[in-house]
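Subject: Handover of a structure, with findings

Dear colleague,

Please find below the structure that I am handing over to you.

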Amino acid sequence: MDALKCYLGFFVSILFIVYQFTANRRNQHKNLPPSPPSVAIIDHFLLLTLSIHQAVNNLSNKYGPIFLQRLGSRPTLVLSSHAAIEECFPKHDIIFSNRPLLPSRKVLEYNHSLGSHYDNQWRNIRRFYVLEIFSAKRLQMSSNIRTEEIRFMINHLYKRSFKEVKKVEVKTLFYSLAFNIVMKMAAGIRWFEDEELDSDISKGKLVDLVKMFTPPLTMALGDYFPFLRWLTYYGEERKLLKNHKRKDAFIQALLDAHQNNSSLTSTDGQKTGQTLIDVMLKLQESEPELYTNDVVKGTIQTLILAGTHTTSIVMEGAVSQLISHPNVFQNARDEIDSHTGYSRLIDDTDLAKLPYLHALSLGTLIQCFDWEESQGPLKTNLSKPENKSAEIVFRPREAFTDLLAQL
Ligand code: HEM
């Protein structure tokens, strides 16, 4: 067995070397950005699989804000300055609009049905995003949902903390908030109700959701070295497929609920009909060839992936920064206090007049609660989203107790 492993290792190394050698020769005459030397590529690839943001950061410190990295068969351009990114987006949007069709992601991306290449389907899906998620009308609707859900969460924190000190795990708090917002936009329902938020059942539910809907950050070798595809198929990919089955069942259940009950009501009693799932199902009726089941499910998956993990990570990172920079926290609070006083909570419409503050959800938390760290400095780890996050003690501010009690 050991001899077999040795032969296999030797064989794979030779293939790697031949592969890199021929790739280098192919690109010798092209005018390409700086790139790490080819011998180190395998090292860099392995580094990337361990901690992608850290490795990319180290390489960009060495090679500058634009560098080319050869991840096996896939040349990858890494941009790390605002000016370099602007040069590509939006100036050359179309050139950079294609997404690689990674074999390990085929099933996960519903047979790549969301238009990975710039074509009719690509434009169609982006039109849907622009009209149904980012249009002024939709942003107004989602602004109402955000305000509602932030107040719901603030009220929950208040009820927990006004009698005695309670620690709150920030990752759990922000993930539940982000998930509730996205579920209201997509399906018209709040996923975590008040009484559920602290229960063990909800913790189990949340851990399960995070596992299902955290974008897979690990890189399958077979996507970059096609001759190694069989290796990843039986390793990483099998795990991804198992997770995908559960995620697909979750999304299918949401669709079934909407299809079986067109008069589904949201948690605050309003009739739904305006949710993103409603819109998608209507489009499927009128244009079945464009809005196939794969497209509908893939879009809901994108929305949940794009709207939860990102938001909760950014908010957790912001809390971590605010806790370690109390002067910034105080400036943000002074700005809010001098703008709104103590008689009302801030909302989206105040933001334009609060240049120091850009995150509404944190804004309301800053406005209404005193914060205290309950353990060592907060750390966020992008590559390990399941890591336990820090706990914070939130205490209602004296000046806001009456207002909070009325929420
Ligand atoms: C702080 C939070 C967020 C960050 C940092 C963020 C970042 C990004 C980035 C970088 C992309 C481009 C990805 C790519 O082209 O490969 C993207 C796309 C997208 N985001 Fe966000 N986003 C955030 C929050 C949200 C929220 C709350 C929603 C919706 C509720 C959302 C919906 C989308 C959608 C629909 C796309 C297009 C996805 C696609 O083309 O496949 N995002 N976001």
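Where is His112 found? His112 lies in the loop between H4 and H5. Please note before reading further that this is a predicted model, and that every value below was computed from it.

Overall composition

The protein has 16 helices and five strands. Of its 407 residues, 24% are buried. Among contacts with a separation of 6 or more, 65% are between residues 24 or more positions apart.

The loop between H4 and H5

Helix H4 covers residues 82-88 and helix H5 covers 120-132, and Pro90 is found in the loop between them. The peptide bond that joins Phe89 and Pro90 is cis, with omega of about 5°.

Are Asn111 and His112 buried or exposed? Asn111 has 12 C-beta neighbours inside 10 Å and therefore counts as exposed. His112 has 20 such neighbours inside 10 Å, so His112 counts as buried. The cut-offs that decide this are 12 or fewer for an exposed residue and 20 or more for a buried one.

The hairpin of E1 and E2

Strand E1 (residues 66-71) and strand E2 (residues 74-79) pair in the antiparallel sense, over six bridges. Together E1 and E2 form a hairpin with two residues between them. Gly72, in the turn, has a positive phi of about 60°. Along the pairing, Leu68 stands opposite Leu77 in E2, and Gln69 has Thr76 in E2 as its bridge partner.

The three-stranded sheet

E3, E5 and E4 make up an open sheet of three strands, in the order E3-E5-E4 and with antiparallel pairing. Strand E3 (167-169) and strand E4 (369-373) are the edge strands, each pairing on one side only. From one strand to the next, the twist averages 40°. In general, the strands of a sheet pair through backbone hydrogen bonds, in either a parallel or an antiparallel manner.

The antiparallel pairing of E3 with E5 runs over three bridges. Val168 stands opposite Ile392 in E5. Helix H7 lies across E3 and E5 and runs at about 60° to E3.

Helix H6

How far apart are the end C-alpha atoms of helix H6? They are 37 Å apart. H6 has 26 residues (136-161), which at 1.5 Å a residue should span 38 Å, so the two values agree. The buried residues of H6 are Arg146, Glu149, Ile150, Phe152, Met153, Ile154, His156, Leu157 and Tyr158.

Arg160 is also found in H6. With 18 other C-beta atoms within 10 Å, Arg160 is partly exposed. Arg160 and Pro396 are 236 residues apart in sequence, while their C-alpha atoms are 9.9 Å apart in space.

The nonpolar core

The largest nonpolar core has 50 residues, and Val182 and Ala186 have the most contacts inside it. The elements that give two or more residues to this core are H6, helix H7 (170-187), helix H8 (200-213), helix H12 (276-286), helix H13 (293-324), helix H14 (326-340), helix H15 (360-368) and strand E5 (391-396). H7 gives the most to this core, with 13 residues.

Which residues does Ala186 touch? Leaving aside residues up to four places away in sequence, Ala186 touches Thr275, Leu276, Ile277, Ile300 and Leu303.

The packing of H11 and H12

Helix H11 (residues 236-260) packs with H12 at an angle of about 75°, and their axes are 10 Å apart. H11 and H12 are therefore roughly perpendicular to each other, since angles of 65 to 115 degrees count as such. From H11, Leu254, Leu255, His258 and Gln259 meet Ile277, Asp278 and Leu281 in H12.

Yours sincerely,
A colleague

Conventions:
Residues are numbered from 1 along each chain as its sequence is written. This is a predicted model: local features need pLDDT of at least 70, side-chain atom pairs count only at pLDDT 80 or more; totals for chains, interfaces and linings use all residues. Helices (H or I, at least four residues) and strands (E, at least two) are DSSP runs, numbered from the N terminus. The expected span of a helix is 1.5 Å times one less than its number of residues. A nonpolar core is a set of buried Ala, Val, Leu, Ile, Met, Phe, Trp, Tyr and Cys residues joined through C-beta atoms within 7 Å. Two residues are in contact if their C-beta atoms, placed from the backbone, lie within 7 Å. Two strands pair if DSSP finds at least two bridges between them. Axes are lines fitted to C-alpha atoms, for helices over the stretch in contact, and angles run from 0 to 180 degrees between N-to-C directions. Angles under 35 degrees count as roughly parallel, over 145 as roughly antiparallel, 65 to 115 as roughly perpendicular and the rest as oblique.
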